[in-house]
Amino acid sequence: MSVRPRASASPLFTPHRTDRRSSRRAKADFTAAQAKARHAARPQDRRTATGPDPDLQPTYPSSGRPGPASARGGQLKLPAHRMTTAVASGAYPFLAEGGLGAQGIYVGQDVHAEASFCYDPFALYGRLEGFTNPNILLAGIIGMGKSALAKSLALRATAFGYKVYVPCDPKGEWTVVARELGGQTIALGPGLPGRLNPLDAPEKPYGISDKDWTTEVRKRRLLLLGSLAKTVLRRELHPMEHTALDIALDQVVAYTQQTGTTPLLGDVAFVLGSPQHLDAATGESSGRLGRAAEDLAHALRRMIHGDLGGMFDAPSTVRFDPSAPMLSIDLSRLGGTGDDTGLVLAMTCASAWMEAAISDPTAGRRWVIYDEAWRVMRHVALLERMQSQWKLSRGLGIANMMVIHRLSDLLTAGEVGSRGRALAEGLLTDCSTRIIYRQEADQLASAATLLGLTGVETQAVSALTKGRGLWKVAGRSFITQHLLHPAERGLFDTDARMSA
């Protein structure tokens with residue numbers, strides 16, 4: 001048998017001669033002691049359910065505030081108010097917007113709206129206000145999942161009938177993706193069997209006459225030869241060198257038409273190194289044109305017999321099929337020694353090949369992806385080709401994607417005011433979609449300046465986790481978590497060598 005202790009409060013003794021203030025204080029103390037005694041005598045509440053603190057009491061009962069201030073009884077009447085969703089989004093800024101719609105490629109989850117996030121630049125063009133072009137910039141530090149996003153968008157785009165071209169794959173990561181889709185790839189580099197003939201004539205587009213196409217092919221070959229020579233010489237060509245190049249190409253093409261063969265770079269180098277052939281074509285015997293073409297001949301000879309040989313000295317081993325779902329150029333064996341000359345030459349040839357397929361109006365809509373584009377920023381010739389594709393993206397029906405690590409990579413194109421810097425900044429301006437993955441703390445200022453990020457967006461970029469990025473689409477911002485299918489996760493794994 002247990003006895004519960006009792007608490008009591010006895011009347012306090014107050015002397016007879018006590019002033020009124022002391023008497024009131026004594027009565028107040030006695031009242032407080034009584035309340036304390038009643039509280040101590042109350043049985044302890046043994047609640048086991050989780051919930052709010054039982055000692056916290058609501059301010060008003062569940063029926064609401066009592067009295068006339070409760071607004072019950074029909075005494076309070078407010079006029080009806082009607083507003084649009086645009087006004088409501090401003091009046092209630094804590095609500096998330098509805099996203100870009102359900103049409104397009106599924107990317108993942110909108111973190112704020114907790115809804116699916118879909119994106120298709122071709123579907124958004126003409127439908128979303130301010131979306132002026134389908135070009136995309138993707139930036140993020142290593143290990144945050146930007147490469148997985150680029151591959152995932154390319155892979156899922158093929159399900160919508162889009163074709164994918166990858167003219168630059170410096171790490172060889174797109175080869176397995178192209179093979180999985182049934183596409184084509186060619187690997188270039190020292191010791192590899194792959195060959196790329198810069199003078200190959202592309203397939204004639206539909207609707208062009210043979211005469212017009214012959215003129216177009218000659219023009220493209222001259223531009224390509226000039227770009228290759230400028231890359232090796234590291235300078236612009238002189239007027240007489242342009243003349244020598246024209247004459248050498250015409251003589252080689254005329255000879256191959258008689259023999260039924262394909263023009264090769266070595267044939268052009270041979271004519272440039274033979275002053276008698278150049279003098280005979282111009283009707284001069286002074287030899288001035290032959291002497292002017294000496295540097296040009298040696299530059300092309302380096303691509304055949306020098307340290308750049310083994311890539312452009314024979315007929316092409318693969319002819320790209322424009323109808324293939326994916327075409328890629330594996331350049332992982334080039335540029336590893338710090339000299340990007342071979343990489344730039346291969347990219348120049350690949351870009352020339354793909355331009356023919358891109359310019360075909362019947363080829364459908366395509367994605368052109370420049371992975372590790374920071375290596376391209378240092379070469380004005382490649383930037384000029386990219387700018388042409390960026391400007392003509394709407395007319396050609398292509399969505400260009402440029403993948404870089406940091407926004408400051410755009411600043412490596414040259415000094416302020418240089419042509420390279422202007423071209424790089426122009427590419428950024430012509431991207432209606434900017435996808436920013438996590439950036440280092442020292443890169444936040446340049447990212448905010450180049451992209452016009454707000455303070456909240458800049459803070460969000462610094463705290464992004466793997467697979468989560470800030471999408472800025474025509475001035476609208478979304479935080480999106482990219483979701484991968486298990487099959488994609490194994491296909492896109494770029495950290496295989498880091499695991500056991």
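What follows is a walk through this structure, from the whole chain down to single residues.

Keep in mind that this is a predicted model, where local features need pLDDT of at least 70, side-chain atom pairs count only at pLDDT 80 or more, and totals for chains, interfaces and linings use all residues. Residues are numbered from 1 along each chain as its sequence is written, and side-chain values use heavy atoms, with hydrogens and water left out.

Let's start with the big picture. The protein chain has 18 helices and 11 strands; helices (H or I, at least four residues) and strands (E, at least two) are DSSP runs, numbered from the N terminus. Of its 500 residues, 43% count as buried. Here "buried" means under 20% relative accessible area, "exposed" means over 50%, and "partly exposed" is in between, using a 1.4 Å probe and protein chains only. The accessible surface of the chain is about 27700 Å², and carbon and sulfur atoms account for 53% of that. Those areas come from the Shrake-Rupley method with a 1.4 Å probe, and for residues only the protein chains shown count as cover. Now take the contacts (heavy atoms within 4.5 Å) between residues at least 6 apart in sequence: 72% of them join residues at least 24 apart.

What does β6 pair with? Strand β4 (residues 163-169) joins β6 in the parallel sense over 4 bridges, and strand β5 (residues 184-187) also pairs with β6 in the parallel sense over 4 bridges. Two strands are said to pair if DSSP finds at least two bridges between them. To trace these links by eye, look for Asp169, whose bridge partner in β6 is Asp330, and for Gln184, whose bridge partner in β6 is Leu327.

Next, the rings. The structure holds 6 aromatic pairs. Rings of Phe, Tyr and Trp (its six-membered ring) pair if their centres lie within 6.5 Å; planes under 30 degrees apart count as stacked, over 60 as edge-to-face and the rest as tilted. One of the pairs is Phe117 with Trp471, edge-to-face at 5.1 Å centre to centre and with 65 degrees between the planes. This pair bridges distant parts of the chain, with Phe117 in strand β2 (residues 115-119) and Trp471 in strand β10 (residues 468-473), 354 residues apart. Phe117 counts as buried at 1% relative accessibility, and Trp471 is buried at 1% too. Another pair is Phe160 with Tyr162: their ring centres are 6.4 Å apart and their planes at 15 degrees, so this one is stacked. Phe160 is partly exposed at 42%, while Tyr162 is buried at 9%.

Elsewhere, Lys151 lies over the face of Trp174, 5.3 Å from the ring centre. For a charge to sit over a ring, NZ of Lys or CZ of Arg must be within 6 Å of the ring centre and within 35 degrees of the ring normal.

How many disulfides does a search of the whole structure find? The count is 0, taking a disulfide as a pair of cysteine sulfur atoms within 2.5 Å. As for individual cysteines, Cys118 is buried at 9% relative accessible area, and Cys168 is buried at 1%.

A couple of loops deserve a look for their backbone. Glu114, in the loop between β1 (105-110) and β2, has a positive phi near 55 degrees even though it isn't a glycine. Glu372, in the loop between β7 (366-370) and α13 (380-391), also isn't a glycine and has a positive phi of about 50 degrees. Are they buried or exposed? Glu114 counts as exposed at 64% relative accessibility, whereas Glu372 is buried at 6%.

Last stop: helix α16, residues 444-451. Leu444, Ser446, Ala447, Ala448 and Leu451 are buried here. The buried residues of the helix pack against β3 (136-139), α15 (419-429), β9 (433-436), α17 (455-462) and β10. After α16 comes Gly452, with a positive phi near 70 degrees.
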